[in-house]
Amino acid sequence: MTTTNDEIPDYINEQLNETLGIEETNDNYEPIYRIFGDDRIPISKAEGKLWKTRKDNAQTVMKDVSDAWDLTYQYFNSDQITIKDDGTFTFKGNKLRNNNTNSENLIWANNTGILPALYSQDPKVEITSNKINDEQSEKLATMLERVINTLFSKRVAPGLNLKNKARKAILNCCLTNRGIIKVGYNIKNEINEQAIRDINLISEQLQNAKDITTIKELEGKLQAIEEVINFAEPSGPYIKCVRPYDLFIDPNAEDQDGTDAKWIIEREWLPTEYLKAKFGKTNEDNQEVESIYKPGKVLPVNNQGLDNTFLENDDALTLSDGDENNYKDFGYENAEDYKKSCLTECFWVWDKTKRRVYLFSNNDWTYPLWVWNDPYELEEFFPYYILNFHENPTNTLCKGEVSYYLDQQNTINMINSQLQKMREFGFNHYLFDSNSGADIKDIQKWANGGQNIVSIKLPPNKKFEDIIFTGQVPYDKSQTLYDKQDLLRVVDMISGTDAATRSGEYKTNTTNLAIQTYVAGKSMRLDDKRDAIEIWLGRIGWAIAQLCLMNMDKEQVVKLIGENASQNWINLSSDEIVNVFSLRCIGGTTVKPTSDSKKQQALQMAQVIGQFASASPYTVIVMLQILERAFDEVVITQEDIELIKNSLLQQIQSQQIMQQQQANLASAEANEANTNADKNTIETAQIMSQLNGIPSEQQTQTPNNLING
């Protein structure tokens, strides 16, 4: 009887293989890479561990700074009272204040006060063609400029609603020295149209279905399609504000904005159902879509609905094991609502070296959920635009300016707390003369205020104020201990603000020279921040311009700027865009154009420029552009300017024709006068020759004869 290979002992097989030179094979072998996406990108199994290590290192490096950010946000969000449903007030008892503080929040007052001075309205971008005398590129630059400015101000998709997001990022920068805007583009696809066609097809199949199994299968397909539609995003550019905590930059980079970084990682909590719909896999046995990740956290709820603090504080996100039976523990009425509220902690890895983007789930870094090859093809590669107001001489990351005056904030609130205690003592405590003979119970009835009329037996020759008085408050020591001016000066010095920024006023004895000095110092700090903001917004606008030129079709452009203004729209590659166009950000971020000061400046400039209108009529166009930027109600389009130019040209041509006609008329009159003069001279010579007997030719002295000699 022969023995099969399976019955041979392992050690004999190993010896035979070694003798014959056969390498041992493993039936459970797994490849060390996988192929991802339409581009068939190979991914090493070790790459996920590498990126997790890099993320952890970056998170450790920024630990001290992020702790300071935590404290700054706590101070900023710390309010004094909570209003109950019945309109009464209760004090909060957190670690930042107690029941007797009567505190003032300088962090909130300074930063909300300075924000309108830094950013009041959307800026304007100016796009210039680098090709000289190239009419096509100049027209395309004008169209692109209009598209970007329209997207900045438009509130609904595909608009960017820039103002709200930029103000939030600037406020974050004031608090943490880090304001982050992320740009992106949702590529136009046929998902919605195809999904609608599939739904119609399934509806017809449901009408013809005969058995329950087929109906359940079609209903499952219908639900899967609806999940895809629910997460479909409109085509076009988008921007989002990223929290300072959620961006991890290569620690070896020197620039705070990450320009020279080799990689940047963003943390984002994505809906688990969204990941399942977009990056799920189908089980071959039951044809159900399974998730290739694990749900991470669940939004907690209370009797008023979802807790709105979950985006501001990670602690508000309750850990979950993904068990649908636990939905009641989190305040949900059914398992379906629970599932739709599950979030998964994910990380977007932007690898500049390979120009590749990975999406990892924090629960499993073995392989990414998906991989893209440079999805946006931006000049800077990274879609993150980071605003910083100041630098650290030794470290890449630095704290916000608020972190440097929290001690002064605490001392000011300590003074307020002591003053509040003094007030409460003075309001509620009295001294009573026990030798006066008056009954203390009668005094207590009066002090408690329980009766409208209180009977008091005063001793003879005694007044009420002689037997009860307030006395001196025991806490009232040296008044210099309660002076907050030095503390406020330190706060103003660090933050670059003053009393006017906090909607306060200067002291009555402050001189005009001192006020001018304060304003000059404040303006210098504000101008520096405004410059940083305009450069930052200009970079964002340039990224949006690249994305639109590469991806936006003419139909979308027509919806934004109209048919006539978008006739020559074409799409360009990333290299062509960088070589052909340049962009700069102008105005809009400093003084609100509707302010009286801005209008007054515009009117004064228009008056000065108007003095040259007679010499150069084109100055009228400059005046109109100045007025347009100063007054919201003045809207001057490029077509209006072209009409004005044409009318000016017609006017100039009419003036030139009239001047030429006048010159011709004057020349004709002069010639006629010379002819008449010659005729008169000849006649006079003839008469004189007859009288004197001299030939008339010798008597004639016409102007022409004199000229010809």
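Visitor: What makes the pair of side chains E268 and K240 a polar contact?
Guide: A polar contact is a pair of N or O atoms within 3.5 Å, where within protein one must be able to donate a hydrogen and the other to accept it, and residues adjacent in sequence count only if both atoms are side-chain atoms. The side chains of E268 and K240 make such a contact at 3.2 Å, and therefore the pair is given that name. This is a predicted model, in which local features need pLDDT of at least 70 and side-chain atom pairs count only at pLDDT 80 or more, while totals for chains, interfaces and linings use all residues. Residues are numbered from 1 along each chain as its sequence is written, and side-chain values use heavy atoms, with hydrogens and water left out.

Visitor: Which other residues does E268 contact, leaving aside neighbours within four places in sequence?
Guide: Besides K240, the contacts of E268 are T344, E345, C346 and W348, where contact means heavy atoms within 4.5 Å.

Visitor: Why is β9 described as mostly covered?
Guide: Buried means under 20% relative accessible area, exposed over 50% and partly exposed in between, with a 1.4 Å probe and protein chains only. Eight of the nine residues of β9 (263-271) are buried, whereas in the protein of 709 residues the buried share is 35%.

Visitor: How do you know that N161 and F381 are buried or exposed?
Guide: N161 has 13% relative accessibility and so counts as buried, and F381, at 0%, is buried as well. Phi is positive in both, near 50 degrees for N161 and near 70 degrees for F381, whereas most residues other than glycine have a negative phi. N161 lies in the loop between α5 and α6, and F381 in the loop between β18 (370-373) and β19. The loop between α5 (135-153) and α6 (162-176) also holds P158, and the peptide bond from A157 to P158 is cis, with omega near 5 degrees.

Visitor: What makes a group of residues a nonpolar core, and which members of the largest one touch the most others?
Guide: A nonpolar core is a set of buried Ala, Val, Leu, Ile, Met, Phe, Trp, Tyr and Cys residues joined through side-chain atoms within 4.5 Å. In the largest, of 74 residues, I170, V183 and W536 touch the most other members, and helix α15 (residues 512-551) gives the most, with 13 residues. Among the residues that V183 touches are Y238, Y385 and I540. Apart from this core lies another of 36 residues, including L106, Y245, W263 and I265.

Visitor: Why are β7 and β19 called edge strands?
Guide: The open sheet of three strands has the order β7-β6-β19 with antiparallel pairing, and β7 (236-242) and β19 (384-387) each pair on one side only. Four bridges join β6 (residues 179-186) to β19, and in β19 the bridge partner of K182 is Y384.

Conventions: Pairing = 2+ DSSP bridges. Helix = DSSP H or I, 4+ residues; strand = E, 2+ residues; numbered from the N terminus.
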